[in-house]
Amino acid sequence: MAAKDDARSTPPPLPEPLAVAVADSHTHLDMQSGTPAEGLAKAASVGVTTVVQVGCDVPGSRWAAELAAQYEQVHAAVALHPNEAPRIFLGDADGWSGRQRKAGGAAALDEALAEIDRLAALPQVVAVGETGLDYFRTGPEGVEIQKESFRRHIEMAKRHGKALVIHDREAHEDVIAVLLAEGAPERTVFHCYSGDAEMAKTCAEHGWYLSFAGPVTFKANQPLRDALLATPPDRILVETDAPFLTPHPYRGRPNAPYLIPVTVRSMAATLGLAEDELSAAIAANTARAFGY
C-alpha cells in the first residue's frame with residue numbers, strides 16, 4: 001500500500017516538448033508543490049509558455065493578481081468559486097482554508113465581492129472567474145446564493161471588459177439559463193468543459209469558448225470527445241486545472257502545467273489534426289479569449 005501511495009504522489013515525467021507553444025488556460029499554482037517559478041520554468045521547457053492563474057476565494061484571488069504582476073507569462077483570473085459564496089453566506093467548515101467559518105450573511109458576501117471587483121480592475125487580471133454553479137458539492141440551501149454570486153460576477157466581467165470563466169458542475173441547464181438571462185460577456189470560457197456534444201453546439205452558437213482538461217483523455221469519456229469534435233476549432237482551449245484532473249496515463253498523480261502536451265496530443269488525435277496545427281489554434285484562441 002505504501003509503495004502505491006508513493007507512486008501516486010510522484011510527479012509524472014516531462015513529456016516531449018510541443019513545437020508550437022500553447023497556454024494553460026486554467027491552473028492553480030498556489031495548490032501545487034514547488035515554487036511558482038519552478039512550475040513556470042518546467043512548463044516553459046515543454047512549450048507551455050503562458051498560464052492563467054485562477055483564484056477561488058479572496059486570498060487566492062489576491063495571490064493570483066500578485067503573481068501575474070510579478071511574471072509576464074502569468075495572467076490572473078479572480079472570483080469567488082461557486083462553492084465559496086454559500087460558505088461565506090451560510091458558514092461552513094469545508095472551505096478552502098479548512099477552518100470553521102461563521103455565517104456572514106449578505107454583508108459578508110457583499111464585502112468579499114467588493115474585493116473581487118477591486119481586483120478585477122487591475123490590468124494583470126484578464127478574467128473574472130471561476131464562477132458559475134456547482135450542484136455537486138453545494139446542497140439545495142446554497143443554490144440561490146450561488147446564482148446571485150454568479151449574476152454579480154457576470155456584471156463585474158462586463159463592466160470591466162474582462163473574460164468570464166465558468167465553473168459548471170452538474171448544473172448545465174441552469175448555467176446556460178443564467179448566462180442568457182443576464183447576457184453573457186463577449187468573451188466567455190467554460191472551464192473544464194463537461195457537457196455533451198449538443199451543449200457544445202449551443203455554446204458555439206453563442207460564441208463561447210470551451211476549455212478541455214485531463215478528463216477528455218480518459219477512456220470512458222467518449223461523450224466528452226464527441227463534444228470536442230462538435231466544438232468549432234476557433235473556440236477550443238486546453239487546461240490542466242492542476243493539481244487536479246491529471247490526464248491519462250497519469251490519472252491520480254499530481255497535475256501541473258507541464259503536462260499540457262499530454263492532453264494536447266490526445267485532443268489532436270481525437271480531432272484528426274496535426275499536433276502543431278492544434279497547438280497554433282489553441283495559442284491563438286486563448287490569447288483572443290483572455291484578451292492578452
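The legends below describe close-up views of a predicted model.

Residues are numbered from 1 along each chain as its sequence is written, and side-chain values use heavy atoms, with hydrogens and water left out. Local features need pLDDT of at least 70 and side-chain atom pairs count only at pLDDT 80 or more, whereas totals for chains, interfaces and linings use all residues.

**View 1. The whole chain.**
The protein has 11 helices and eight strands; helices (H or I, at least four residues) and strands (E, at least two) are DSSP runs, numbered from the N terminus. With a radius of gyration of 18 Å, close to the 19 Å that the globule rule gives for 292 residues, the protein is as compact as a globular protein of that length. This radius is taken over C-alpha atoms, and the globule rule is 2.2 Å times the number of residues to the power 0.38. Along the principal axes, the C-alpha atoms fill a box of roughly 50 × 45 × 40 Å. Buried residues make up 53% of the 292; buried means under 20% relative accessible area, exposed over 50%, and partly exposed in between (1.4 Å probe, protein chains only). Of the contacts with a separation of 6 or more, 71% are between residues 24 or more positions apart, a contact being heavy atoms within 4.5 Å.

Ala 197, Met 199, Ala 200 and Cys 203 are buried in α8. These residues lie on the same side of α8, because they cover an arc of only 155 degrees around the axis; the arc is that of the directions from the helix axis to the C-beta atoms. The buried residues pack against β5, α7, β6, β7 (209–212) and α9 (222–229). Glu 198 and Glu 205 are exposed on the face turned away from the buried side. At the start of α8, a side-chain oxygen of Asp 196 comes within 3.2 Å of the backbone nitrogen of Glu 198. Just after the helix, Gly 207 has a positive phi of about 75 degrees.

**View 2. Helix α9 and its cover.**
Leu 224, Arg 225, Ala 227 and Leu 228 are the buried residues of α9. They are on the same side of α9, because their arc around the axis is only 150 degrees. Among the elements that cover these residues are α8, β7, β8 and α10.

**View 3. Phe 218 and its surroundings.**
Phe 218 lies in the loop between β7 and α9 and is buried, with a relative accessible area of 8%. Not counting residues up to four places away in sequence, Phe 218 touches Arg 225, Thr 246, Pro 247, His 248 and Arg 251. The C-alpha atoms of Phe 218 and His 248 are separated by 5.9 Å, with the two residues 30 apart along the chain. The charged end of Arg 251 sits over the ring of Phe 218, 3.8 Å from its centre. A charge sits over a ring if NZ of Lys or CZ of Arg is within 6 Å of the ring centre and within 35 degrees of the ring normal.

One aromatic cluster is formed by Phe 190, Tyr 193, Trp 208 and Phe 212. The structure holds three aromatic pairs; rings of Phe, Tyr and Trp (its six-membered ring) pair if their centres lie within 6.5 Å. Over the ring of Tyr 209 sits the charged end of Arg 235, 4.5 Å from the ring centre.

**View 4. Two cis peptide bonds.**
Most peptide bonds are trans. The bond from Ala 242 to Pro 243 is cis, with omega near 15 degrees. Another cis bond joins His 248 and Pro 249, with omega about 10 degrees. Pro 243 is in the loop between β8 (236–238) and α10 (260–271), and Pro 249 is also found in the loop between β8 and α10.

Most residues other than glycine have a negative phi. Glu 170 has a positive phi, near 55 degrees, and lies in the loop between β5 (163–169) and α7 (172–182). Glu 170 is exposed, at 53% relative accessibility. Phi of Cys 192 is also positive, near 45 degrees. Cys 192 lies in the loop between β6 (188–190) and α8 (197–205) and is buried, with a relative accessible area of 16%.

**View 5. Ser 9 and Arg 253.**
Ser 9 belongs to helix α1 (residues 2–9) and is partly exposed, with a relative accessible area of 48%. Ser 9 and Arg 253 are 244 residues apart along the chain, and their C-alpha atoms are separated by 5.8 Å.

How values were computed
A polar contact is a pair of N or O atoms within 3.5 Å; within protein, one must be able to donate a hydrogen and the other to accept it, and residues adjacent in sequence count only if both atoms are side-chain atoms. Rings of Phe, Tyr and Trp (its six-membered ring) pair if their centres lie within 6.5 Å; planes under 30 degrees apart count as stacked, over 60 as edge-to-face and the rest as tilted.
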